[in-house]
Amino acid sequence: MGAQLIDGKAIAAAKRQAMKTRIESMKAQGFVPGLAVILVGENPASMSYVKGKIRDCKEVGIYSELIRFPETVTEERLLAEIDKLNEDKTIHGILVQLPLPSQISEQKVIQAIRPEKDVDGFHPINVGRLVTKQEGFVSCTPAGIIEMLKAIDVPVAGKHVVVVGRSNIVGKPASLLFLNLDATVTICHSKTKPLSKYTQQADILVAAVGREALIHAEDIKPGAIVIDVGMNRNAAGKLVGDVAFEEVKEKAGFITPVPGGVGPMTRVMLLENTLLAADRQNKKG
Ligand SMILES: Nc1nc2c(c(=O)[nH]1)N[C@@H](CN(C=O)c1ccc(C(=O)N[C@@H](CCC(=O)O)C(=O)O)cc1)CN2
């Protein structure tokens, strides 16, 4: 029997629909949630992601500003813009699209954003809050993965979750989120040998490495939930994940597609984080 597909696109669409009412009621109370998106350069993928974020904001009724800089912008200029947005009362969330050109320190930029406006959840204060299970912002892709599991009614407590990948954006925060939900977590990476020894034990397997067909059918336990975070272009230029989808879907219990799985959930969680930021800042006054 084949796996059930976890349709991230449909889950995200339902979430956006539900948000519209919430935003209407925020507006009725006299405030409009606002997001500023900073894009440096003309990387086609980044341009397309940013366009999607602005489109999502428009759809649900979030005010958005797109601020663009040339590839050659200085770190100082970028930091000055973030300072301005930190003070702007109409902006509740600030996002700087990554990656940034080499003359700019990503860490400096991330740390310049006020933690209350850090809707990407990348600021060390928000990472620390996740570590210590306090209220903050959680990075959008890991938060989207948890929302997907909620949508299909899969409890996480007591499950063995194996996360392959240890990036600051996905692998590490995903592992912490699962741990905070009482899962038993194993983190694997490029030096884990043999990888399949660990992945075969996973009730929930998260593949977040960025390598096409890293996970094959023999690498998973029958009935496992397989979450594919990979976004790779194959030889034919087609977008594919880290999981060999056609073979793994025959053995898994649930599986996410690429595209249409984790990607749309990443987008919708940015909207959720922006609403959360707006709510918190409105309450503080
Ligand atoms: N500041 C940030 N930069 C980056 C982040 C991030 O969360 N914050 N993540 C990625 C890019 N990203 C969002 O910014 C992102 C990538 C892909 C998708 C998505 O919906 N993908 C689609 C397929 C799109 C395609 O066809 O090319 C899918 O999976 O269905 C959403 C968000 C790096 N930078």
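Which residues does Arg166 touch, not counting residues up to four places away in sequence? Select Arg166 and look around: the contacts are Gly171, Lys172, Ile187 and His189. What you have open is a predicted model, with a mean pLDDT of 97 for the protein, and 100% of its residues reach 70 or more. The model's scores are ipTM 0.97 and pTM 0.97.

**Stop 1: the annotated site**

Now compare the surroundings of the two. Gly165 has 24 other C-beta atoms within 10 Å, so it counts as buried. Arg166 has 18 other C-beta atoms within 10 Å and is therefore partly exposed. Leaving out residues up to four places away in sequence, Gly165 touches Val170, Gly171, His189, Ala208 and Val209. Gly171 and His189 are also among the contacts of Arg166.

**Stop 2**

Then move along to strand E8 (residues 225-228) and strand E11 (residues 254-255), which run parallel and are joined by two bridges. To find the pairing by residue, pick Ile225, which stands opposite Phe254 in E11.

**Stop 3: the three-stranded sheet**

Now hide that sheet and select E2, E3 and E4. They form an open sheet with parallel pairing, in the order E3-E2-E4. E3 and strand E4 (93-96) are the edge strands, each pairing on one side only. From one strand to the next, the twist averages 15°.

Zoom in on strand E2 (residues 34-40) and strand E3 (residues 63-69), where seven bridges hold a parallel pairing.

Bring in helix H2 (residues 44-60), and you have a right-handed β-α-β unit made of E2, H2 and E3. H2 lies across both strands, E2 and E3, and runs at about 165° to E2.

**Stop 4: backbone details in the loops**

Two prolines are worth a click. The peptide bond from Leu98 to Pro99 is cis, with omega near 5°; look for Pro99 in the loop between E4 and helix H4 (106-112). Val258 and Pro259 are also joined by a cis peptide bond, with omega about 0°. Pro259 is in the loop between E11 and helix H10 (262-284).

Finish with two positive phi values. Lys133 is not a glycine, yet its phi is about 60°. Lys133 lies in the loop between helix H5 (124-131) and helix H6 (140-151), and counts as exposed because it has 11 C-beta neighbours inside 10 Å. Ala213, likewise not a glycine, has a positive phi of about 50°. You will find Ala213 in the loop between E7 and E8. With 16 other C-beta atoms within 10 Å, Ala213 is partly exposed.

Terms used: Residues are numbered from 1 along each chain as its sequence is written. This is a predicted model: local features need pLDDT of at least 70, side-chain atom pairs count only at pLDDT 80 or more; totals for chains, interfaces and linings use all residues. A residue is buried if 20 or more other C-beta atoms lie within 10 Å of its own, exposed if 12 or fewer, and partly exposed in between; C-beta atoms are placed from the backbone. Two residues are in contact if their C-beta atoms, placed from the backbone, lie within 7 Å. Two strands pair if DSSP finds at least two bridges between them. Helices (H or I, at least four residues) and strands (E, at least two) are DSSP runs, numbered from the N terminus. A crossover is right-handed if, with the strands pointing away from the viewer, the path from the first strand over the helix to the second runs clockwise. Axes are lines fitted to C-alpha atoms, for helices over the stretch in contact, and angles run from 0 to 180 degrees between N-to-C directions. pLDDT is the predictor's confidence in each residue, from 0 to 100.
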